Amino acid sequence: MPIPDVATREIAAAPAQPERPLIRISDVSKTYQNGTVALSDVDLDVAHGEFVSLIGPSGCGKSTLLRLIAGLGQVSSGTIESPLSRRDARGEPIRDLGFVFQDPTLMPWATVADNVYLPLKLSGVGRRAAKPRIEEALAMVKLGSFAQAYPRELSGGMKMRAAIARALVVEPKVLLMDEPFAALDEITRFRLNNDLLRLWQEQRWTVVFVTHSVFESVYLSNRIVVMSSRPGRIVGEVEIDAPYPRGDAFRTSRIYSEFCRQTSAELARAMAGMEEE
Amino acid sequence: MVSVAPHVRTAPSPMPRSLRVVVPIIVGIVFVAAWEGLVRYLAVPRFVLPPPSMIVTALVDDFFPLVASAWVTLKVTLSAFIVALVLGVVIAILFAQSRLFEMSLFPYAVVLQVTPIVSIAPLVLIWVGLDHLERAPLILATIVAFFPILSNTTLGLKSVDHNLQSLFDHYGATRWQRLKELQFRSALPYLLGGMRISGGLALIGAVVAEFVAGSGTGTGLAWRIVEAGNRLNIPRMFAALLLMSLLGIVIFFSLSALEYALLHKWHESAVGRES
């Protein structure tokens with residue numbers, strides 16, 4: 001998939017707003033009612049325009065952290081500042097966050113267009129006003145000609161595109177993605193990776209991306225945050241200092257495999273303490 | 001009869017479509033012909049088993065009174081069905097909103113369901129009083145038709161995909177939006193399954209009430225059967241029975257058609273499988 005000609009951004013230039021990160025997670029812990037400590041003392045700043053991946057073994061709390069950023073669930077202690085915690089003039093929370101789940105989570109009874117319309121419908125936007133925005137979101141993920149299809153008629157990759165379009169229709173500043181491509185085959189995943197990077201560069205989003213794939217995280221991210229389990233915590237970070245746009249040439253480059261090796265080593269270190277499991 | 005899953009369908013048969021229509025018809029014709037022939041050959045008295053030709057004659061002779069009676073029974077059945085539908089759905093929605101409400105009332109709904117309707121009928125007759133006996137079939141049919149709708153809808157409202165719930169949370173859905181756009185839509189296949197069962201049960205309830213009420217309600221199809229039986233007019237009994245089955249079939253297929261119309265675009269039960 002060719003990458004459109006967009007202004008190439010250097011990593012150093014993108015997150016250049018050190019005075020105020022877009023998302024600031026301070027000292028956050030989360031303990032479930034059954035006593036499981038999902039997260040312990042997590043600190044993480046995400047700058048405007050960054051692409052940050054969270055990676056770690058199952059049970060390291062990476063999905064929990066993402067859901068907390070999205071406002072799904074309460075922290076046990078600590079604070080999360082995100083666009084969601086800011087309020088507009090009417091005291092309504094500003095919903096600048098798009099969330100993409102691991103499953104496409106489409107409503108089977110609604111067409112693709114109606115699924116994408118849902119976030120706007122729930123916030124009271126009329127159908128007519130929403131129409132151009134729905135079309136735009138579907139065009140972004142190249143699903144324009146499937147607007148009237150039902151989810152069951154779509155392939156796995158297309159369902160995921162529809163789910164992404166639904167997240168995009170609210171024109172979010174931040175996109176939170178919870179292993180969105182984990183269930184897809186490799187060819188589809190590569191293609192969606194490329195599409196996501198292209199959109200990220202065009203739209204200047206901030207992305208927080210949960211994955212369990214070292215290769216995917218290195219390909220996509222500015223920065224990889226490595227987490228460990230029991231309790232879930234951040235144990236390391238890897239800066240992926242490679243220029244965008246990244247394409248298939250990057251995927252086969254030596255520097256790419258070097259970053260993968262480095263990230264895998266971090267991950268191995270994170271898991272070293274839990275051999276007995 | 002708790003919560004019959006709405007998506008049970010027989011696997012598509014490999015036989016061509018035309019055969020699936022033609023074969024049952026041939027079987028029917030053979031059966032009726034054998035019945036006619038055997039009854040005549042063995043000279044079975046017509047008050048034991050009349051030949052089909054005699055039943056048809058009875059149906060033609062008494063066509064208008066029988067159809068008028070069928071209309072009375074159908075009206076009661078449909079009214080009861082609609083009352084049961086509204087009651088069942090409203091109470092199921094209340095159950096879904098409040099666990100406490102469900103906990104406190106559901107057992108009594110079950111009691112109402114498991115108590116045989118025939119045994120409640122005399123009591124209901126006394127309560128409505130001789131002046132309003134016509135209300136008894138409506139009440140009894142409603143009682144039997146109500147439960148499948150209640151239990152299926154309750155189950156359906158609870159069977160909402162958890163991720164979709166999170167999605168609605170994330171986008172700040174109100175309680176009403178959640179009910180309308182998510183819970184009710186998820187529950188629809190269950191509700192339609194419940195309706196198909198309730199449609200048949202409403203007819204049974206109406207018939208039971210007519211049987212028990214006797215000549216008091218006087219004009220329904222079930223009463224025609226009792227009446228014809230008392231006079232040993234067996235062909236007429238069969239004719240009324242035929243109309244009764246026809247009512248049941250019409251109700252069943254109407255509800256199946258409704259289910260198809262509402263679900264065929266998206267629900268697995270109504271979508272053909274290609275292999």
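**Strand pairing, domains and cores of the predicted model**

In strand β2 of chain A, A:V46 is the bridge partner of A:I23. The structure is a predicted model, in which local features require pLDDT of at least 70, side-chain atom pairs count only at pLDDT 80 or more, and totals for chains, interfaces and linings use all residues. Residues are numbered from 1 along each chain as its sequence is written, while chains are lettered from A and ligands numbered from 1 in the order in which they are written.

The pairing of A:I23 with A:V46 belongs to an antiparallel arrangement in which strand β1 (residues 23-31) and strand β2 (residues 37-46) of chain A are joined by 6 bridges. Strands are taken as pairing if DSSP finds at least two bridges between them. The hairpin formed by β1(A) and β2(A) has 5 residues between the strands, and A:G35 in this hairpin adopts a positive phi near 95 degrees. β1(A) also pairs in the antiparallel sense with strand β4 (residues 77-81) of chain A, over 4 bridges; here A:R24 has A:E81 in β4(A) as its bridge partner. In total, chain A contains 8 helices and 9 strands, defined as DSSP runs (H or I, at least four residues, for helices; E, at least two, for strands) numbered from the N terminus.

Chain A is assigned domain 1 (9-96 + 173-277) and domain 2 (105-171), with bounds from an automatic or database domain assignment. Contacts (C-beta atoms, placed from the backbone, within 7 Å) link 10 residues of domain 1 to 7 residues of domain 2 in chain A. Helix α5 (residues 186-203) of chain A supplies 4 residues, the largest share of the domain 1 side.

Of the 277 residues of chain A, 43% are buried, that is, with 20 or more other C-beta atoms within 10 Å of their own, the C-beta atoms being placed from the backbone. A nonpolar core is a set of buried Ala, Val, Leu, Ile, Met, Phe, Trp, Tyr and Cys residues joined through C-beta atoms within 7 Å. The largest such core comprises 81 residues, and A:V116, A:A165, A:L176 and A:V208 have the most contacts inside it. Beyond its neighbours within four places in sequence, A:A165 contacts A:V116, A:A137, A:L138, A:M140, A:V141 and A:L143. A separate core of 57 residues includes B:A80, B:A187, B:A206 and B:A209.

Between the chains, the contact involves 15 residues from chain A and 15 residues from chain B.

Terms used
Two residues are in contact if their C-beta atoms, placed from the backbone, lie within 7 Å. A residue is buried if 20 or more other C-beta atoms lie within 10 Å of its own, exposed if 12 or fewer, and partly exposed in between; C-beta atoms are placed from the backbone.
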